[in-house]
Amino acid sequence: MGEGRWRTAGSALLRVIVVWLVSTLTMLTLAGLLPDFQLQSDDGDSITRNALTAAWGAGAFGLLSALVWPVLVRALLLVPALVLGLLVFFLNGSLLLIALWLIPDGRGAADPQTAVVVAAVMSAVASTTSTALAVRDDDAYRRRLYRLAHRRRRRRGEANGRSDTPGTVFLQLDGVGHAVLRRAVDDGLMPTVASWIGATHRLTPWRTDWSSQTGASQLGILHGSTHDVPAFRWYEKDTGRVMVSNRPAGAAELQRRAVERTGDGGLLTLDGASRGNLFSGGADQLALVLSMAARRGPANRSRAGYFAYFSDPANAVRTALSFVAEAVREIAQSTRARLRGDRPRVGRGGLYPFIRAFATVVERDVVVAAVIGDMLAGRTAVYADLVAYDEVAHHSGPHSRDADKVLERLDRSVALIAKVAEHAPRAYRIVLLSDHGQSPGETFEGAYGLTLRDLVRAGCGLPLPRRARRSKSGAEARDAAGDALRSALHRPPGEGPEERPAARGSEPIVLASGNLALISFPDAPERLSREQIERRHPGLLRTLANHPGIGFLLVRSEEHGSVVLGARGLQTPLARLHDDGPLAAFGPGAADAVRRADSFPHIADIMVNSMHDPRTGEVHAFEEQIGSHGGLGGEQSRPFLLSPLGLTPPVEPDGELVGAEQVHLVFRRWLREGAGPQVPIGDRGHGRTDAQPVNGSRREAGLPVRAAGRDLEVSRPERAAEEDLPVSGRALPDKSG
């Protein structure tokens with residue numbers, strides 16, 4: 001045993017020496033290439049003296065990176081990720097200047113700009129060399145993984161050895177629909193996933209609710225409730241505020257409501273980790289969790305994931321370089337698309353290249369590193385979200401070459417996680433899933449020359465921008481509104497006013513969530529009925545329903561209850577709505593999805609879903625996205641679930657998995673099968689979800705109420721107080737889920 005330790009120590013020392021030598025040679029080379037970087041006195045030095053100076057500088061830089069860098073990162077823990085990524089270069093250059101200052105006789109000198117370049121190159125070379133040495137020595141690599149796992153477990157006071165109880169990693173590939181995954185596998189873009197399907201894992205499609213976006217799906221998966229989440233963003237009349245799922249305040253409030261409704265903390269309450277998600281799932285270990293992002297100071301454990309990753313200067317430099325490369329790649333790709341005249345196309349300038357780089361590089365690297373750390377620590381349940389594909393597909397298209405490249409990189413991340421799982425202190429079941437898909441199509445504005453907001457204003461008889469007035473749809477909408485108004489006033493065409501000014505305060509709020517839009521009248525405290533809307537604006541509903549870019553409307557009727565409105569005066573009460581009726585183009589389950597959304601307290605006065613062409617799968621997003629999700633129509637409502645064959649099937653052979661709440665119940669069942677964390681269930685449930693019973697019916701359904709020999713009841717008010725849910729804060733990149 002002593003001989004093995006000496007061999008390990010000798011091998012580690014040899015790797016340090018090799019990295020030092022390579023860094024020394026790199027510094028010498030850069031000193032010869034860069035005029036503003038020198039390692040000799042003004043009178044000149046011998047080659048030997050230059051080499052010793054470079055060795056001193058490389059050693060000092062390496063030592064400072066190992067000792068000072070973690071302290072700097074922890075001090076900057078509250079800095080936003082985008083800013084921290086850019087600060088990496090400056091901080092690394094500063095460390096190099098200090099290292100040069102430490103060289104005896106003042107032989108090292110560099111301009112600040114040059115120091116940044118030299119530090120970045122040296123860190124990248126050192127990281128590459130160290131990685132290459134570890135890869136060449138498989139035994140050393142394996143020993144390092146086991147040593148890290150043993151160290152983490154010892155800090156947690158756990159016994160040594162491999163646990164007999166398996167853990168579970170839920171890895172969400174955001175926005176990757178079932179059809180996209182199948183195509184990527186068939187085209188060889190995702191070889192790791194392809195090797196799993198049928199051999200070790202089963203592939204199951206599932207269907208979202210009407211609101212096919214991350215805010216609803218992930219809330220349902222992690223917290224068991226999608227109740228009263230009608231869209232990605234919506235207006236609440238009782239509070240007078242706009243709720244947005246990917247704002248810290250909005251995410252925190254949605255999580256609080258879900259916990260209050262279900263009576264438990266979430267899927268990951270015991271020994272769980274939440275990485276890169278909108279919601280915590282009740283986990284204690286957090287990184288890049290939006291519902292906790294507004295916290296300041298030490299209580300914000302979500303930001304600790306930055307420290308765990310960026311405390312390694314090699315990681316920081318590698319990610320920073322990849323960040324810049326990805327931003328440049330996006331600029332090049334968007335320029336080529338513009339020169340080719342690709343259609344459809346949306347603007348990709350401004351800050352978007354940096355937003356994309358954050359999603360595809362920084363978020364991916366931090367989340368993957370956190371998941372690896374969770375597995376080496378032996379945590380029981382981990383849920384992580386990789387948002388890269390969703391972000392790129394919004395702007396490049398879900399079937400574009402740009403999106404395909406992202407799928408290839410995601411597959412490599414999956415392969416890395418699976419490889420590390422082999423060295424974890426317990427076996428891990430890796431479950432891949434998506435929260436929704438994406439449907440392609442030209443934007444509503446691109447197809448018709450005006451936004452939905454413009455169309456609503458035309459239908460209300462409100463002034464339009466000049467651009468919208470000149471469009472064909474704008475002119476038709478104004479004519480239709482004028483005809484409706486004259487009809488309401490019983491005046492023949494040509495007599496009376498062209499339009500009636502809207503009453504003060506009655507201008508509607510129009511909010512888009514992909515190809516779903518919500519129209520609300522803020523001056524009315526209750527949900528307006530169809531009859532009330534037509535008295536206010538006689539031409540609005542007719543203008544919207546008859547527009548070729550709109551599939552259907554949902555409004556409340558005083559006579560028939562809620563009704564679905566279509567073109568040419570089509571009106572179908574929800575009680576008589578079936579999938580083969582006016583919603584036939586939107587696929588199976590559309591009628592049930594609309595009925596469920598209609599029951600939400602914060603449903604809008606008018607719900608608008610765009611058209612959907614079943615032949616092409618295209619929809620029209622009401623925002624600037626050529627790959628969208630959020631409503632009904634096409635691949636957006638059809639995500640996937642790829643689960644190990646060792647777990648029970650998610651549904652019966654002839655069954656269908658419908659809704660994120662049902663996915664939550666499946667995941668809870670799988671955690672119980674592995675003797676995983678039992679989700680706390682309170683005896684006082686306020687309300688019900690469609691998929692989860694409350695009180696005594698929980699026991700009848702076989703849901704857990706005890707674990708580890710003790711009650712796991714959670715008091716909702718106390719839980720909310722412990723979590724200190726935020727009410728404001730900074731948002732991650734804006735996208736529809």
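Helix α9 passes helix α23 in a right-handed crossing, meaning that the near helix is turned clockwise from the far one by less than a right angle. To find the pair, select residues 214-223 for α9 and 660-673 for α23. Helices (H or I, at least four residues) and strands (E, at least two) are DSSP runs, numbered from the N terminus.

This is a predicted model, in which local features need pLDDT of at least 70 and side-chain atom pairs count only at pLDDT 80 or more, while totals for chains, interfaces and linings use all residues. Residues are numbered from 1 along each chain as its sequence is written, and side-chain values use heavy atoms, with hydrogens and water left out.

**The first pair, continued.** The axes of α9 and α23 lie 7 Å apart, at an angle of about 30 degrees. Axes are lines fitted to C-alpha atoms, for helices over the stretch in contact, and angles run from 0 to 180 degrees between N-to-C directions. The angle makes α9 roughly parallel to α23 (under 35 degrees; over 145 is roughly antiparallel, 65 to 115 roughly perpendicular, the rest oblique). Show the side chains next: α9 brings Ala-216, Ser-217, Gly-220, Ile-221, Leu-222 and His-223 to the contact, and α23 brings Ala-660, Glu-661, Val-663, His-664 and Phe-667. Contact means heavy atoms within 4.5 Å.

**The largest core.** Now select Phe-170, Trp-210, Val-594 and Phe-667, the residues with the most contacts inside the largest nonpolar core, which has 56 residues. Such a core is a set of buried Ala, Val, Leu, Ile, Met, Phe, Trp, Tyr and Cys residues joined through side-chain atoms within 4.5 Å; buried means under 20% relative accessible area, with exposed over 50% and partly exposed in between (1.4 Å probe, protein chains only). Elements giving two or more residues to this core include α9, α10 (248-262), β14 (550-557) and α22 (590-598). The most comes from α23, with 6 residues.

Centre on Trp-210. Beyond its neighbours within four places in sequence, its contacts include Leu-516, Phe-552, Val-594, Met-607 and Leu-632.

Select α14 (residues 388-396) and α15 (residues 401-421), whose axes come within 9 Å and cross at roughly 175 degrees. That makes α14 roughly antiparallel to α15. Ala-388, Tyr-389, Val-392 and Ser-396 of α14 meet Asp-402, Ala-403, Val-406, Leu-407 and Leu-410 of α15.

**The whole chain.** Zoom out to 25 helices and 24 strands. Of the 737 residues, 56% are buried.
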